[in-house]
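Please read these points with the structure open beside you, and find each residue as it comes up.

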Amino acid sequence: LTSATDSKEYDGEALTNDEVTVSGDGWAEGEGATYSVTGSQTVVGSSNNTFTYTLNAGTSAENYTITPVEGTLTVTARDAKYEITVQANSDTEKYDGTEKSVSGLVDDTFIVEGNTYTVEGLSASGTGTNAGTYAVNVTGTPVVKDEDGNNVSSEFTVKTQNGTLTINKRSVTLTSATDSKEYDGEALTNDEVTVSGDGWAEG
């Protein structure tokens, strides 16, 4: 009794093959067995295509020399790696004299061909105080894991995209007073200045 040998390129799905071949003298007419094939290989590598058998009613083990032979299930590395892009968070703030920061990733979980993968080992952060645009850089070494926690990084190309922290300028309008009086020979002055718009940052 020989279970199948099979192979495929990695696609995130388990490789199985429940075929069992009977060779040698074979079963006597009307006799035989049922098979339960449990072999499975998902990640790159090989494993035995394990199986068990149960003799049918009327089939006696005493009349047979039964030799189980397990085939091999092999998953090979992809020629064209899956590509995923991990993007840093971005944010926009208004200048207020204090340091602003943004961190984290937009997403670290991806669905590829119906399978869910998680990227670990990456982080992103950026800080700034004055008005301007600051980079939020992605750093670290990516590790891609499937839903079962298997490291499948070898089958992926992980690209990164930096984010931005934008600190916008405050809008300040300075308005001198409008005033009037009846002529009295003295100069009309008014030193009041009104601040409007966003106003000054605290301090």
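1. In this predicted model, Glu155 is in contact with Tyr10, Val44, Ala77, Arg78, Lys81 and Tyr82, once its neighbours within four places in sequence are left aside. Glu155 is found in the loop between β13 and β14, the latter spanning residues 156-161, and a polar contact of 2.8 Å joins its side chain to that of Ser154.

2. Is Glu155 buried or exposed? Glu155 counts as buried because its relative accessibility is 1%, and the cut-off for buried is under 20%.

3. The largest nonpolar core has 23 residues, and those with the most contacts inside this core are Ile84, Tyr117, Val119, Val144 and Phe156. At least two residues of this core are supplied by each of β7 (71-76), β8 (82-87), β11 (109-112), β12 (115-128), β13 (132-145) and β15 (163-168), while the largest share, four residues, comes from β12.

4. Val144 deserves a separate look. Not counting residues up to four places away in sequence, Val144 touches Ile84, Tyr117, Thr118, Val119, Asn150, Asn151, Val152, Ser153, Phe156 and Val158.

Technical notes. Residues numbered from 1 in each chain as written. Predicted model: local features only at pLDDT ≥ 70, side-chain atom pairs only at ≥ 80, totals over all residues. Heavy atoms only, no water. Core = buried A, V, L, I, M, F, W, Y, C linked by side-chain atoms within 4.5 Å. Buried < 20%, exposed > 50% of the residue type's maximum accessible area, 1.4 Å probe, protein only. Contact = heavy atoms within 4.5 Å. Polar contact = N/O pair within 3.5 Å; in protein donor to acceptor, adjacent residues only side chain to side chain.
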